Amino acid sequence: MPRVVSIFFPDLPTDRIRRADPAIPVEEAIAIISKSGSKRWVSAADPAARKAGVHVGTPAAKAQALFQGLRMIDADAAADAAALERITMWALSQYSPIVAIDPPDGIVMDTEGADHLQGGEERMLTSIANRFRAKGLTIRVAIADTWGAAHACARAINRETVVVPSGETIRAVERLPISLLRLPEKIVSDLRTLGFRTIGELSATPRAPLALRFGPEVGRRLDQMFGRVCEPIDPIRSPELVEVSRSFAEPIGAAETINKYVGRLVVQLVAELQRKGLGVRRTDLIVEKVDGTRQAIRAGTAKPARDVAWLTKLFRDRTERIEPGYGIEKLTLVAVMSEPLEEKQKASSLVDDEDADITPLIDVFGNRGQRVYRVAPVASDVPERSVQRIAAVGEDVTEDWVHHWRRPVRLFARPDPIEAIALLPDHPPASITWRGKRHRVKRADGPERVFGEWWMRDSELEAVRDYFVIENEIGERYWIFRSGDGIDPETGSHKWFMHGIFG
């Protein structure tokens, strides 16, 4: 069943100002001022301004009197709309093939089938919120069965993430105000005059009197919210995107027919990419059905590609997920992410064969939702900071590890506490207890002293670790360390930790 995510940016105008000018202090309050004739009022206020009592609708003169240090900036609706469009285009490349603007302060996307790739809906929403927050955007995000329900919950429930379980739309929205039905302001005002306050009250009212007075709009919005009427999401597009499509006079539905036309679209897309000197990194197949619904499939590659056979295979491996329903009336193939790609000779009888290209294998794992990466060195003495993840086919890193001591094949992301019996300050443990199991130490090597990076962190000015390689009675080798030099408590807690396992 389709699941729709609504992302609401409550402070988009002020966030846009801060992103454009990072020099603005965090503690400085910002208010956006709109004007009509001689009238000037606050149309947006950041949290610092709201805390001082400046709210939307406050006259500009009163706002300035309430907060002497308030930065007042004229509203720019065109700049806000442009910023929202850029955010939506970025979300299109990152999250889903079906993403659209939900004006004036949000975006909406169909994430059907994408949540399992990120560990479930709750984790997916948390990841979305974290990434937008890292970009300096205040966000509230909700997921529900319909666009209308997700839109209303994101704006009414004061939480960063909201998950409306499948099939529970009515219970989630029945107490929400009717202003969240996306109706014209005049209709909402008239409904309030008649005594309607919540969506539940309105939905329990007979339709005929409502339609007679307000037209079909009220019923249509209610039916869309409750999923009785389809509300397709029209994906955002930009002139830079390479797109090809095929419409059908008679709907298609057979898997063989779908694959045949997908293959033809790939040929057209590759020809267009070749004409522009581009290779595709991320491609979306949009399936438009007779009943007005859409389904999408996304295929990605580790590096720019325009190999017809390979791109066709990536989609044919996934077209079994398409549910044609009453039939498909249009197929669209869009190169959502593309990069420059030059022609390159792959083979010649005059030169030795190149090394086998593992990019297709990386593509297969990537399209199954697996994250494929390489590990590269980082110039750091602290073991957990001496590695980084880089793209599977990224440029080679010139840095190298420079260690005189052996390193374990498996390094824990976080050291695991252990109990150890050892003489201080320089002796290795006689035994350790790790995760409830005792290991008697038969052989040991060390200590290797590692100092804190005091030039980067003041807290590590005197920090010290002493590492040991130990081997237990059955030949298992571990990498452990003591926090501190064993003498001065300023250098560490003198507790012991497990940090890695040797092969």
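This is a predicted model: local features need pLDDT of at least 70, side-chain atom pairs count only at pLDDT 80 or more; totals for chains, interfaces and linings use all residues.
Residues are numbered from 1 along each chain as its sequence is written, and side-chain values use heavy atoms, with hydrogens and water left out.

**Stop 1**

Keep R182 selected and check its backbone: phi is positive, about 60 degrees, although R182 is not a glycine. With a relative accessible area of 17%, R182 is buried. (Buried means under 20% relative accessible area, exposed over 50%, and partly exposed in between, with a 1.4 Å probe and protein chains only.)

Now select R435, in the loop between β16 (431-434) and β17. Phi is positive here too, at about 55 degrees, and R435 is not a glycine either. R435 counts as exposed because its relative accessible area is 64%.

**Stop 2: cis peptides**

Strand β17 (residues 437-451) holds P447. Look at the bond joining G446 and P447: it is a cis peptide bond, with omega about 10 degrees. Then jump to P104, in the loop between β5 (98-102) and β6 (106-110). Another cis peptide bond joins P103 and P104, with omega about 5 degrees.

**Stop 3: around β19**

Select residues 477-483, which make up strand β19; six of its seven residues are buried. (Two strands pair if DSSP finds at least two bridges between them.) For one of the contacts, pick R465, whose bridge partner in β19 is S483. β18 and β19 form a hairpin with four residues between them, and in the turn G475 has a positive phi of about 90 degrees.

What pairs with β19 over five bridges? Strand β20 (residues 496-501) does, in the antiparallel sense. Click W479 and then G500, its bridge partner in β20.

**Stop 4: surface patches**

Switch to a surface view and select R19, R86, R131 and K135, which gather in a patch of positive charge. (Patches take residues with over 30% relative accessible area and no salt bridge; like charges are joined within 9 Å, and nonpolar side chains (Val, Leu, Ile, Met, Phe, Trp, Tyr) within 5 Å. A salt bridge is a side-chain nitrogen of Lys or Arg within 4 Å of a carboxyl oxygen of Asp or Glu.) Of this group, R86 lies in helix α4 (residues 77-94). R86 is exposed, with a relative accessible area of 56%.

Next, select Y373, V375, V387, W401 and L411: these form a nonpolar patch on the surface, with about 400 Å² of accessible area together. (Areas come from the Shrake-Rupley method with a 1.4 Å probe; for residues, only the protein chains shown count as cover.) V375 lies in strand β13 (residues 373-377).

**Last stop: V397**

Finish in the loop between β14 (387-391) and β15 (410-421), the place of V397. Is V397 buried or partly exposed? Partly exposed, because its relative accessibility is 32%. Draw a distance from V397 to V375: the two are 22 residues apart in sequence and 9.8 Å apart in space, C-alpha to C-alpha.

Key
Lys and Arg count as positive and Asp and Glu as negative; His and the chain ends are not counted. The place of a charge is taken as NZ of Lys, CZ of Arg, CG of Asp or CD of Glu. Helices (H or I, at least four residues) and strands (E, at least two) are DSSP runs, numbered from the N terminus.
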